[in-house]
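Subject: Structure handover

Hello,

Here is the structure for your files. My notes follow below it.

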Amino acid sequence: MKGARHNVPCEMQSSQPIDVSPRVVMAGASGSGKTSLISQYINQDFSPSVMSSVGIDFRCKTLLLTSGKRAKAQLWDTAGQERFRVIAANYWRGADGIVYVFDMADMQGFLQVERWAEEATKSAKPGTTGVLLGNKSDLGYRRTVTREQAEQLASRLGLRYFEVSAKIGLNVSEAFRDAIEQAANFKIMRETQEAQLRQEQQRKVPVGEEGEKEAAGCCAVM
Ligand code: GDP
Ligand code: MG
């Protein structure tokens, strides 16, 4: 059985320079398939009895974005604490993107997604992106959540919706790629804005004579 801890550490995965390292976190009911989806995406592997690891863990994936930038995404997984809905605020705060998962055959879990989103947005950085995944599409005959219901929820929450199966690997890499692309763009935008803000602040703060001169030069009203 492959647990998150047996994966190659992030640092060793790529020898090429990385432009952006977005963090994408998983959210959703216990049993919806979050760990299986990560495992399918990273290792093209599915195990019917996934080991629930202890403590929050993450795995990495290096990929070339459509922008031409090289990303090393961190995919953070919960470790069972979602059963008690006690995910620490810094789990959300550290995220650049959130992958909300529900099991198509579990209406209860689907109805919880909205509460997960509320919980996440309380602590997440404003503008954090996300996708909604309806998992276990291979069990179509047991389905209780319709595509229409899921699409409505996704549009209400401003998320893109994918129907996936961790078991047969259907749509899994497309969904993660979308989540990672959005998270990477969000992170790049945020870092650019922060850098601009820092530059502006440095220009405004008078440091000795130099700064005073510049402040006078730029802003004095004659
Ligand atoms: P988590 O609690 O959200 O991390 O869910 P897990 O990844 O542990 O999966 C819960 C159970 O659902 C496990 O028994 C998985 O084998 C099963 N499972 C996960 N994804 C799929 C899927 O796409 N299809 C089917 N048939 N079973 C799945
Ligand atoms: Mg899990």
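The model is predicted, so local features need pLDDT of at least 70 and side-chain atom pairs count only at pLDDT 80 or more, while totals for chains, interfaces and linings use all residues. Residues are numbered from 1 along each chain as its sequence is written, and chains are lettered from A and ligands numbered from 1 in the order in which they are written.

Overall

The protein has six helices and six strands. Helices (H or I, at least four residues) and strands (E, at least two) are DSSP runs, numbered from the N terminus. Along the sequence the pattern reads β-α-β-β-α-β-α-β-α-β-α-α. Of the 222 residues, 36% count as buried. A residue is buried if 20 or more other C-beta atoms lie within 10 Å of its own, exposed if 12 or fewer, and partly exposed in between, with C-beta atoms placed from the backbone. Among contacts with a separation of 6 or more, 76% join residues 24 or more positions apart; a contact needs two C-beta atoms, placed from the backbone, within 7 Å.

The sheet

The six strands form an open sheet with mixed pairing, in the order β2-β3-β1-β4-β5-β6. Strands β2 and β6 (160–163) are at the edges with a single partner strand each, so one side of each has no neighbour in the sheet. On average, neighbouring strands are turned by 25° against each other, direction ignored. Axes are lines fitted to C-alpha atoms, for helices over the stretch in contact, and angles run from 0 to 180 degrees between N-to-C directions. Two strands count as paired if DSSP finds at least two bridges between them.

Strands β2 (residues 57–64) and β3 (residues 70–77) are antiparallel and share eight bridges. Within this pair, D57 has D77 of β3 as its bridge partner, and R59 stands opposite L75. Five residues separate the two strands in the hairpin, where G68 takes a positive phi near 90°.

Helix α5

Helix α5 covers residues 172–204, 33 residues in total, and reaches 48 Å from its first C-alpha to its last, close to the 48 Å expected at 1.5 Å a residue. The expected span is 1.5 Å times one less than the number of residues. The helix lies across β1 (23–28), β2, β3, β4 (97–103), β5 and β6, and runs at about 170° to β5. Its buried residues include V172, F176, I180 and F186, and also E181 and K187.

G127 belongs to the loop between α3 (107–123) and β5 (129–135). It is exposed, with 9 other C-beta atoms within 10 Å.

Ligand 1

There are 17 residues around ligand 1, of which G33, K34, T35, S36 and K167 come nearest. A residue is near the ligand if its C-beta atom, placed from the backbone, lies within 6 Å of it. Helix α1 (residues 34–43) gives the most to this shell, with three residues. By class, the shell has four nonpolar, nine polar and four charged residues. Here Ala, Val, Leu, Ile, Met, Phe, Trp, Tyr, Cys and Pro count as nonpolar, Asp, Glu, Lys and Arg as charged, and the others, Gly among them, as polar.

Loop residues

The loop between α1 and β2 holds Q44 and S49. Q44 is not a glycine but has a positive phi of about 50°, and it counts as exposed because 10 other C-beta atoms lie within 10 Å. S49 is also exposed, with 6 C-beta neighbours inside 10 Å.

K136, in the loop between β5 and α4 (147–157), is another residue other than glycine with a positive phi, near 75°. K136 is buried, with 25 other C-beta atoms within 10 Å.

I87 sits in the loop between β3 and α2 (89–93). It is partly exposed, with 18 other C-beta atoms within 10 Å. Leaving out residues up to four places away in sequence, I87 touches T78, Q81 and E82. From I87 to W116 the C-alpha distance is 9.8 Å, at 29 residues apart in sequence.

Regards
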